[in-house]
Amino acid sequence: MTSTVRGVIARGKGEPVEITSVVVPDPGPGEALVRIQACGVCHTDLHYREGGIGDDFPYLLGHEAAGVVEATGDGETRLAPGDFVILNWRAVCGQCRACRRGRPWYCFSTHNARQQMTLSDGTPLSPALGIGAFAEKTLVAAGQCTKVDPAVPPEVAGLLGCGVMAGLGAALNTAPVTRGDTVAVIGCGGVGDAAVLGARLAGAAAIIAVDIDPRKLEWAREFGATHVVNSRETDPVARIQQLTDGNGADVVIEAIGRPETYQQAFYARDLAGTVVLVGVPTPEMRLELPLLDFFGRGGALKSSWYGDCLPERDFPLLTGLYLQGRLPLDKFVSETIALEAVEDAFAKMARGEVLRSVVKL
C-alpha cells in the first residue's frame, strides 16, 4: 500500500520549487510513516535547491519538522500511532565506534528509511537530510522520531529538528559555555540567535552579538545578547576585545559559515579560548591561517554537527523548558505559511526578513 500526498520538490539546480504529488510507501521494518503538522524553512533546504549539497535531484525538501506517527513497520515497539514526534536527521545506530564509546551524538552510522518515496511516474526522490518534510506525510527511519509532549505547538517543536537545536547545541553541548564565560556570536539569524539563547541559558556573563543587519542585532538582544556589534560599521574583532578587557571572548560561535567570518572568530577569542563553527560552508570555500597563530593561541577549534545533540536526551528536555516558560522557542517563528509559499519564504530568508517561516499543514 502507498499514500499519495502533496509535497514540495526541487527538480534542478537553482530552479524554483514546485508542488507535486509524492508517493509514500507504507512503513517497513524499522520505519515510520509520519503525518507532518509543521516544518520550518531552513537555509539547508535552500542549499539543496541551489545544488550546494549534492546533485541527486529531484529533492523532496523540508527536514525541520514535527508531526504525528500514523503507522510503524513490523517489530517497532518504541513508537505507536498517535505519538507526537520531532523528526531528527541523525538517527543513532547504537553500534558504531562512537556509540560504543559512549558518544552517540557523534554516531558515524546514522540511518534513514530504506524504502524510497517517488514521484507519480516512479522517479525516486532524495529526501532532504533523509526526511523530506515539505509534504503532508513522509517516511523515515523509526529512530528519526523523538517523542515529546504534545502540548508543545508543532510549529515550535519542529524547530528543534535542525536550526534552533544547532544553535542551542553549539553553545550548550559543543563549546560548552559555562557559567561566567564571555561569548561572542557572529551571525544572528535563526541559528546564531539560538546560540545566543543557549549562552544565556548556560549562564554566560556577557554575550556579544555580531551582524551587519541592525534588525538581526535587535533580535539578538531579545534572545539575551548583552552587547551588539554592527560589523559593517565597526571592526568586530577589535570591539569584542574591547568589550572583554582586551582579551577576547572565552567562546566565539561562528554561525555564518564563511572564511572571512571564521577568521574574525579565530582572532576574537581569548588565549586558550574556543571557536565553534556551526554555520555551514559550501564545498569550494577555503581557509588560510598562519600556523604559528594557531599554535600560539592554543585553545580549541571545533565544528558543531547538529549542535552535538542527542535527540532522545535533548528534545524532551528543551521542550520541557519551553512549557515551563524558561525557553522562548516561539520567538523564532516569524510567520506560518502554506506549502505554496515555500519559494517566497526562501526569498524572505535570503533578504534577512525572517528568523523562521514555518509551513503548517
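Let's start in a loop: Tyr306 sits between β16 (300–303) and α10 (311–323). Helices here are DSSP runs of H or I with at least four residues, and strands are runs of E with at least two, numbered from the N terminus. Keep in mind that this is a predicted model, where local features need pLDDT of at least 70, side-chain atom pairs count only at pLDDT 80 or more, and totals for chains, interfaces and linings use all residues. Residues are numbered from 1 along each chain as its sequence is written, and side-chain values use heavy atoms, with hydrogens and water left out.

- Tyr306 has a phi near 55 degrees, which is a positive value in a residue other than glycine.
- Tyr306 is also buried, with a relative accessible area of 4%; buried means under 20%, exposed means over 50%, and partly exposed is in between, using a 1.4 Å probe and protein chains only.
- Asp308 is found in the loop between β16 and α10 too, and its phi, near 45 degrees, is again positive in a residue other than glycine.
- At 7% relative accessibility, Asp308 counts as buried.
- Phe57 and Pro58 are joined by a cis peptide bond, with omega at about 0 degrees.
- Pro58 belongs to the loop between α1 (43–49) and β4 (59–60).

**The whole protein**

- There are 11 helices and 18 strands in the protein.
- The radius of gyration is 20 Å, close to the 21 Å that the globule rule gives for 361 residues, so the protein is as compact as a globular protein of that length. That radius is taken over C-alpha atoms, and the rule is 2.2 Å times the number of residues to the power 0.38.
- Of the 361 residues, 54% count as buried.
- Among contacts with a separation of 6 or more, 70% come from residues 24 or more positions apart; a contact means heavy atoms within 4.5 Å.
- The protein exposes about 15100 Å², with carbon and sulfur atoms supplying 49% of it. Accessible areas come from the Shrake-Rupley method with a 1.4 Å probe, and for residues only the protein chains shown count as cover.

**Strands and sheets**

- Two strands pair if DSSP finds at least two bridges between them.
- Strands β1 (residues 2–10) and β2 (residues 18–25) pair in the antiparallel sense over eight bridges, and Val8 stands opposite Ile19 in β2.
- Elsewhere, β3 (residues 31–40) and β5 (residues 64–72) are antiparallel partners over eight bridges, with Ala32 opposite Thr72 in β5.
- β5 also runs antiparallel to β6 (residues 84–87), joined to that strand by three bridges; Gly67 has Val85 in β6 as its bridge partner.

**A closer look at Thr274**

- Thr274 is part of strand β15 (residues 269–277).
- With a relative accessible area of 12%, Thr274 is buried.
- Not counting residues up to four places away in sequence, Thr274 touches Ala175, Asp250, Val251, Val252, Arg269, Ala300 and Lys302.
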